[in-house]
Amino acid sequence: MRLHWLIAVLIALAAALAAIFARKLGEKRGPVEVNWVVEREEDLRSWAMLHGLAPAKLTGDGLTTEVTGFDPYMLAPPVRIDAERQKVIVVGMRVRGNATALKIYWVREDSPSWGEDKAFAWPIVADGEFREYVITVNHSAWRGTITRIRFDLEPPDCYGTYWAIKYVRVPARAQVQLVGMSPTKAVVAEGDGFELRVRLRNLGAEPARAEVNVEASGNLAAEAGGVEVGPASEGIAALRVTALKSGVARLSVRVGGAKRSLEFPVYSREALAFSPELGADGVYELEDGYAVVSGQAALLVPRGGELYGPLILALRGSAGWERVGSLHLELRALGDGVEAFALAPQRAWLENGALKLAWEGSDSRGGAWRVELAAKPLGGGLIALEAALSGKGDLLHFSVAVRAGEPGFGASKSEALFPGLEWLEGDERSSSSSVVPEPYNLRVAPNPIKVTVPLMAVRQGDALVALLWDPLQPWGGGSPPAPEFASPNFVEGQENHLMKLFVPPVSAFEENKEEETPLKLTNGTLKLSALLYAARAGSVLEAVRKWVEVFGLPKPELPRSLEEELRLCARAYLETMWVPGRGWPHAVPGWEPEPYPGYAHVLLLTSYVVRDADLKAAILARVREALSLAEARWGPGALISGAGCHIPTPQLPFLVGRLEQGLAQWRDEVTRLTAAQGPDGEWGFQPSATPCGAEVARKLGEPGAREVGITATYAAEVLRYARVTGDPVALRAGLRALKAMERYRVPRGAQVWEVPLRAPDILAAAKALEAYLEAYIATGEERYLEGARYWALAGLPFVYLWALPDRPAMAGATIPVYASSCLQGPGWFGIPVQWNGLVYAYHLLRLSAYDRSFPWRELATLILASAMRQQVTREARGKPVGSYPDSWNLAADRDQPPYINPEALAKVALALAGASPDLNTARVTGITVSTPAEILKAELSDNELRLRLRWQREGPVHVLVGAPALEVWRGRERLPRVADINTAVEGWKVSPLLNATIVKVAPGEVELRLALRG
């Protein structure tokens, strides 16, 4: 026994010593450089085409293959990567086809199995051009020692895609790059001190001390400096600079062999004090400068010595002109390194009702540049800007930028909006990781296709500053100009808010960059147009309204008639999604079939519209079958249920019966809701483990936290019941919720099952619109219509109001949230979820009956048109005809599963076709009347209620009167009082449970008189 014990101890000691020696040896050796370059046949041997790929070949492009099957991936040679320090993978490759991302999988010494828990996707562009992708792997599972790497192309069905890898590098030694530089002041005056921020990036796995040498022109004093840049990270060297006197200044920095320079103006103090007395709209030439006046806004252009500027944006106030920002023109060319010019106009003149400003300069390579800006007042706070660049040279960047708050309110703000990507309040910072995880949170300069309404806006108090543009403008290239947004301006470290439009745009898939391959100009001209907008306003939504006023909504063109559309939807319910004896799945794959009454309701309404007798008969047979299954499963009260529906409507039992039972069930549900309502009138967030898991759910929001989307969702249900029935308790509860909702201005928190509570959310706007609209119909009070109008406008920043010519589904497509699901992945930017938009569109149609302040009906039709273009129209594997996708990837222009039943889509189409799924409601001296029939007249006199109704559909219709009746007449005939109204052809009954009267009448235009109890 002792011998065995001694041997075991010796073995353990040897293992421990070996582990220590190996660790010490690893520490001594440091990270191992990976440098695969595919140039020879033997370079191919360590690569394995594991799945869905043709055998690899050696070509001039390197390792070359083609996607031949589903889910293509290849295995790279073995590695030993120190993941804590080696976080950068550089891939040089060429892809041509329909792939959208390179997905990297890995295994570790301590975790040798492959899985989605160790995977990271990076967007790519598959246009056949060679590109170098510098990929920073920011993933919690990238740790320890990586032993193998696998490369996949996404999506998995990118058949026929050409894929060539020239090289893959995982740097180990320090590699410091000079990325950019910017001053911490946008408007510099003589005597100002500021910092020059020099951005550096280290691709390697070792830290590096980067020394920055600086040269300055005679009117500047500048100090050199340096910074320690960690492995696979960025660093900022902050160099102190002082402006000694006005004039053109120049700074140049060198880091190793890389150089950058910046030429910029230093203004006199007198120029910054320029504040002339100005009158109405127009262009003014003044003794010491110029001014462009439009509404409450002015662009002030002082003259100081040889320069004009700064270009100051101001708003008229009680004490003169309030400075709210500045306008900037910027140019970067490739000379001796990157040479940047912050342009100070050298000439100014008036021409054709516009102020013209011009600048000329050259770079060190001999490039000659001329820039001309025209600023013309359009009235109402709008100033049209057209910047023209001509000359020859290697252009990297040309932009029109607004820096809101400098001069003026600085980095503070009340609101900021970048539609499709950001909606901020107060101290919230753009590109925050609170709703999108790193590294996906950075959305400074996104692919232009992610912008829903082409504008950027910042509001501080009642001062609104915005930049609007036409994304399809012919600037001189084939793609939209690129936007850039930072609020506050953390990109340049300035006390302002950056809103910029620039060309040439960087590759759509390599985002958050301003420079890429130079655009060679040979005496060519580029033109960049935008609208500067400034006004007194209480919401950033005023900028959206102004954009629509200027550019208009896209014309809503439906791809097929409404009847054809409803026939297509019916096919989903009759054929492709129906499971005999069970019902319909909400979506496929992943949902079990149920006999949802709401889907039968859609079919019944469709039977009112279609003209084909055989189809109508098939529809009605399926309705009867489904309702029989529903009653057997859930009871007769379930026919009023909105289960499985995105747009719950209580109309079905008003058409087919079981109304008393349905209303009783609905009342019980509303009673439970109001019992859960807080003393403040709101409902709180309750984390759910589905679908993100309990740990992630706790990060989505604090238990009990309030947000408009949560409260509006429940308030809409309570107020819908109150509107239909006239129930005073429900009405009071709903109105109390609306009172609490007055504090919210940004729609958030309606989809908290998977996105953070604070994420801007179109469904929250839709539910708040619905809640306020129900309150308005129930009470007739104008303040609730005003609330509905506001939340209808609040949905606009989520809707694409423009489209690329090759993206037919883009116009009217709707972004669901400005966030990612379960705090994972790149978020929903550029990925519409149309069912969200259809809920919004349905309530816009309802609003259009009461409000004419905006083209709500056209907007709803536009959203429907996009949904119809996304809909499945042909047989395809796993895609039921008549369904539509949960989401649509606009960059790839393709649908993404699962595939949803067309309930929401059909309800919007039905509402447009005149077969509304809603109930009509009239309120007469405290008595509520609700019915699917058109209410032509409702009068109360001496306890007699007189109604004139029109119902021109097949079958009888029910009328709910919120008071007990003594007698009921149809015309001059007394209607029979019945015990079971479900089996009667016509008749009426009083429900003691509801304290209401239910009347059932045949189709036609009818006069009803109800003698009510006193």
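Which residue does a disulfide join to C692? The partner is C822, with an S to S distance of 2.0 Å. This is a predicted model, in which local features need pLDDT of at least 70 and side-chain atom pairs count only at pLDDT 80 or more, while totals for chains, interfaces and linings use all residues. Residues are numbered from 1 along each chain as its sequence is written, and side-chain values use heavy atoms, with hydrogens and water left out.

A disulfide is a covalent bond between the sulfur atoms of two cysteines. Here it is taken as a pair of cysteine sulfur atoms within 2.5 Å, and by this rule the count is 1 disulfide. C692 sits in the loop between α8 (659-675) and α9 (694-700), and C822 in the loop between α13 (782-794) and α14 (834-848), so the bond ties together parts that are 130 residues apart in sequence. Helices (H or I, at least four residues) and strands (E, at least two) are DSSP runs, numbered from the N terminus. The torsion about the S-S bond of C692 and C822 is about -75°, so this disulfide is left-handed.

The table gives relative accessible areas; buried means under 20%, exposed over 50%, and partly exposed in between (1.4 Å probe, protein chains only).

| Residue | Relative accessible area | Class |
|---|---|---|
| C692 | 15% | buried |
| C822 | 14% | buried |
| C158 | 0% | buried |
| C569 | 1% | buried |

C569 is in no disulfide, and the nearest cysteine sulfur, that of C645, is 13 Å away.

S539 lies in the loop between β38 (519-536) and α3 (541-551). S539 is buried at 11% relative accessibility. Leaving aside residues up to four places away in sequence, S539 touches E415, R459, L464 and Y790, where contact means heavy atoms within 4.5 Å.
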